[in-house]
Amino acid sequence: MILSVSRRTDIPAFYSEWFFNRLKEGYVLVRNPLNAHQVSKVNLSPQVIDCIVFWTKDPTPMLDRLALLSEYTYYFQITINGYDHKIERNLPAKDVIIDAFIRLSKQIGKKKVIWRYDPIIFTEEIDLAYHQKKFAMLAAKLAGYTQRCVISFVDSYQKSEKNMRHIGMRKIDESKMVEIGSQLAAIAQQYNISLETCSEVIDLASAGIKHSKCIDDQLISEILGAKIKVEKDKNQRQACGCVASVDIAAYNTCHHGCLYCYANYSDTAVKNNVSRHNPQSPLLIGELGSEDKVTDRKMISYIQRQLNLFDD
């Protein structure tokens, strides 16, 4: 099983104490986003989890506790953009995040620390020259501490469009995608960083950019030192190349307050949910209720499954 931690919120930045408590207890409870009373019990045993994929904008709270992950295989995806607090409202200073990125890379190796520069947004002020300048500055600081950078272009979600209406966000057509992709790829190449896209239909191979998998079975196989076969994640968009994983978080729980975020509906919803977080609870938010139905999720390690097939 591959554990996603998480597409729905930033667990490393805000809920690392809860996460490490769940590892210690050996399980986590996850509500179905479409039916809150359906709850899955997810086994967190190292014998079941082939890899943990962390998504974060600030890994700092986890840096001094990585020894607690010694029985697990894992890698981090860290988003560092060039936007200010008008767009990424509650993020620490960029230098703080860059320093954390470098510290993490030194501890676990640059293959396991992936830089995300996404989503790419255009406004009157945030144009091609803006992205070139910010991307080059970040690439220069992260050079030698990562092998890959993943980019994507902002998607149209009703809630994020509403949040960004006042900044005058502009549509990015395919010709503009090719133009900026080519410029960023040239910069990345200078610093020996491979540039890849996330969940993009457009083919940017002409710019030297390949499609990426954020939940990447090939990378996981390299880290594990054993080939695993994992099906494509049927719950993601068609353009998404990710393989199947289990996400353990909840929407409307991230404090970063980024205007482009698809995972938060409103600041009020986030505030209400955060007030119900208990680091000791098996659920990220709240507690089990009388109407909740808990079902053990059937899981097996992909490696173990392949060994069983081989034995048969």
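Which residues make a nonpolar surface patch of about 320 Å²? Tyr-251, Tyr-262 and Tyr-265 do. Patch members have over 30% relative accessible area and no salt bridge; like charges are joined within 9 Å, nonpolar side chains (Val, Leu, Ile, Met, Phe, Trp, Tyr) within 5 Å. Areas come from the Shrake-Rupley method with a 1.4 Å probe, and for residues only the protein chains shown count as cover.

This is a predicted model, in which local features need pLDDT of at least 70 and side-chain atom pairs count only at pLDDT 80 or more, while totals for chains, interfaces and linings use all residues. Residues are numbered from 1 along each chain as its sequence is written, and side-chain values use heavy atoms, with hydrogens and water left out.

Tyr-262 sits in the loop between β10 (246–247) and α8 (267–274). Its relative accessibility is 35%, so Tyr-262 counts as partly exposed. Buried means under 20% relative accessible area, exposed over 50%, and partly exposed in between (1.4 Å probe, protein chains only). Helices (H or I, at least four residues) and strands (E, at least two) are DSSP runs, numbered from the N terminus.

**Around strand β6**

Strand β6 covers residues 113–120. Eight of its eight residues are buried, so the rest of the structure largely encloses β6. Strands count as paired if DSSP finds at least two bridges between them. Strand β5 (residues 74–79) runs parallel to β6, joined by four bridges. Gln-77 faces Ile-114 of β6 across this pairing. β5, helix α3 (residues 94–108) and β6 form a right-handed β-α-β unit. Right-handed means that, with the strands pointing away from the viewer, the path from the first strand over the helix to the second runs clockwise.

β6 also pairs with strand β7 (residues 148–153), again parallel and over four bridges. Here Arg-116 stands opposite Val-150 in β7. The chain passes from β6 through helix α4 (residues 128–142) to β7, in a right-handed β-α-β crossover.

**A three-stranded sheet**

β2, β3 and β11 form an open sheet in the order β2-β3-β11, with mixed pairing. From one strand to the next, the twist averages 30°. Angles run from 0 to 180 degrees between N-to-C directions, and axes are lines fitted to C-alpha atoms, for helices over the stretch in contact. β2 and strand β3 (residues 35–43) are antiparallel and share six bridges. Leu-29 has Lys-41 in β3 as its bridge partner.

**Salt bridges**

The structure holds 13 salt bridges. Each puts a side-chain nitrogen of Lys or Arg within 4 Å of a carboxyl oxygen of Asp or Glu. Three of them are listed here.

| Pair | N to O distance |
|---|---|
| Asp-64 and Arg-103 | 3.2 Å |
| Glu-196 and Lys-210 | 4.0 Å |
| Asp-217 and Lys-213 | 3.0 Å |

The side chains of Asp-64 and Arg-103 meet in a salt bridge. Asp-64 lies in the loop between β4 (51–56) and β5, and Arg-103 in helix α3, so the pair ties together parts 39 residues apart in sequence. Asp-64 is exposed at 70% relative accessibility, whereas Arg-103 is partly exposed at 39%.

Glu-196 and Lys-210 also meet in a salt bridge. Glu-196 is buried, with a relative accessible area of 4%.

Asp-217 and Lys-213 form another bridge. Asp-217 is buried at 11% relative accessibility; Lys-213 is partly exposed at 31%. Salt bridges with shared partners join Arg-148, Glu-196, Lys-210 and Asp-216 into one network.
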